[in-house]
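Reader: Could we go through this model together, beginning with the sheet and then turning to the ligand and the loops?

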Amino acid sequence: MSDPTRPRAPRIIAVANQKGGVGKTTTTINLGAALAEQGLNVLVVDLDPQGNASTGLGIEPTDREYTTYELLLDDIPLPEVIQKTDTENLSLIPATVDLSSADIELIANEKRSYLLHDALRQPAIDEYGFDIVLIDCPPSLNLLTVNAMVAAHSVLVPLQSEFFALEGLSQLMMTIREVRQSANPNLRIEGVVLTMYDARNNLSQQVEDDARSNLGELVYRTVIPRNVRVSEAPSYALPVLKYDSASKGAAAYRALAQELLSTYTKTAA
Ligand code: ADP
Ligand code: MG
C-alpha cells in the first residue's frame with residue numbers, strides 16, 4: 001500500500017500488564033490480526049517464555065529455530081528470526097521456554113535494558129516495511145518487560161474486567177515512569193483496553209466506571225467482550241478474526257484497531 005498517511009518507521013507498542021491472564025496475548029494476536037486485515041504490515045514479537053502468541057499464531061515449538069532469545073542474547077540478525085504466519089501481513093518473532101533464563105542472563109550485560117531496542121532498530125528491519133510492531137510481554141515487570149518498554153513508543157495495557165483489575169496498575173505506571181526517566185523519555189501510554197467484559201455482569205460495569213474515572217481518556221471506548229470464540233481460536237492456531245470472522249470478539253478487535261489507528265493519524269499529522 002502506498003497510502004501517504006501511513007507511517008514510515010514502525011510504531012512499536014508493548015502490550016504489558018504484570019498480571020497473568022488479563023488478555024495480553026489475546027490482544028496482541030487479535031489486534032495484530034485486525035491491523036493486518038486493514039492492510040498494515042504487522043510484526044508480533046513474542047517476549048513471553050510461555051510462547052502463547054507463537055502457538056496462537058500457528059508456529060509450533062519445533063518450527064521455532066531462532067527466537068527472541070537468540071535475537072536478544074546471541075545477536076542472531078532479524079532476517080533469521082522473523083517468520084511469516086498464515087495470516088496475511090502478519091509476521092512473528094517466536095519465543096520458547098528458553099527465554100525464561102534470559103532475565104537472569106541479561107543481568108550481567110551492560111546493555112541489558114537496550115537489547116530489544118537495538119535489535120528492532122537494525123537497518124534490516126526497514127526492508128520488511130513494518131507499520132506496527134506489537135510486543136507480547138511476560139506477566140512480570142522483569143528485565144524482559146523493561147526491554148519492551150525501552151524499545152517501544154508506547155505501552156498498551158489490557159485490563160481484565162474483574163475485581164482487583166486496577167490493583168497493580170500503579171506498579172505498572174511506576175515502571176513506565178522509571179523507564180521514561182532512564183532510557184526512554186518519550187514512552188507514552190497508548191491506551192488501556194478492558195478485556196473479557198461481560199455486559200450482564202454488574203462487576204464489569206463497575207470496573208469500567210472505575211477505570212474511566214481514574215484513567216479518563218486513556219481508556220479505549222472499545223471494550224472487548226468475553227466471547228467463547230476468542231478463547232477457542234488459539235487451539236486452532238488462528239486469530240479469532242480468521243477462526244470466526246463474524247464473532248463478537250472479532251468485531252471488537254476490529255473496532256479496537258480502528259480506534260488505535262484514528263489516534264495514530266491524529267498524532268502523526
Ligand atoms: P495473558 O497473556 O495476559 O496472560 P491471555 O491473553 O492468555 O492473557 O488470556 C488469558 C485467558 O483468557 C486465555 O485462556 C484466553 O483464551 C482467555 N481470554 C482472553 N480474552 C478473552 C475474551 N475476550 N473472551 C474469552 N476468553 C478470553
Ligand atoms: Mg500471555
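Author: What follows takes the sheet, the ligand shell, an annotated span and some loop residues in turn. This is a predicted model, in which local features need pLDDT of at least 70 and side-chain atom pairs count only at pLDDT 80 or more, while totals for chains, interfaces and linings use all residues. Residues are numbered from 1 along each chain as its sequence is written, and chains are lettered from A and ligands numbered from 1 in the order in which they are written.

Reader: In what order do the seven strands lie in the sheet?

Author: The order is 3-4-2-5-1-6-7, in an open sheet with mixed pairing. Strands (E, at least two residues) and helices (H or I, at least four) are DSSP runs numbered from the N terminus, and two strands pair if DSSP finds at least two bridges between them.

Reader: Which strands stand at the edges?

Author: Strand 3 (83-84) and strand 7 (188-195) do; each has a single partner strand, so one side of each lacks a neighbour in the sheet.

Reader: And strand 7, how many of its eight residues are buried?

Author: Six are buried, so strand 7 is largely enclosed by the rest of the structure. A residue is buried if 20 or more other C-beta atoms, placed from the backbone, lie within 10 Å of its own, exposed if 12 or fewer, and partly exposed in between. Strand 7 runs parallel to strand 6, with seven bridges joining them, and Val155 stands opposite Ile189 of strand 7.

Reader: What pairs with strand 1?

Author: Strand 1 (residues 11-15) is parallel to strand 6 (residues 154-160) over three bridges, and five bridges join strand 1 to strand 5, also in parallel. Val15 has Leu156 as its bridge partner in strand 6 and stands opposite Asp136 in strand 5. Ile13 is bridged to Ser154 in strand 6. Four of the five residues of strand 1 are buried, so strand 1 too is largely enclosed.

Reader: Which strands does helix 7 lie across?

Author: Helix 7 (residues 143-151) lies across strand 1, strand 5 (132-136) and strand 6, at about 155 degrees to strand 1. Axes are lines fitted to C-alpha atoms, for helices over the stretch in contact, and angles run from 0 to 180 degrees between N-to-C directions.

Reader: Changing topic: how many residues surround ligand 1?

Author: There are 17, the closest being Lys24, Thr25, Thr26, Val230 and Ser231; a residue is near if its C-beta atom, placed from the backbone, lies within 6 Å of the molecule. Helix 1 (24-37) and helix 10 (228-232) are the elements that give two or more residues, and helix 1 gives the most, with three.

Reader: Lastly, what is the phi of Asn89?

Author: Asn89 has a positive phi of about 70 degrees, although it is not a glycine. Most residues other than glycine have a negative phi. Asn89 is found in the loop between strand 3 and strand 4 (90-93) and is buried, with 20 other C-beta atoms within 10 Å.

Reader: And is Ala237 buried or partly exposed?

Author: Ala237 counts as partly exposed, with 17 C-beta neighbours inside 10 Å. Ala237 lies in the loop between helix 10 and helix 11 (240-243), and its phi is positive, near 60 degrees.

Definitions and conventions
Contact = placed C-beta atoms within 7 Å.
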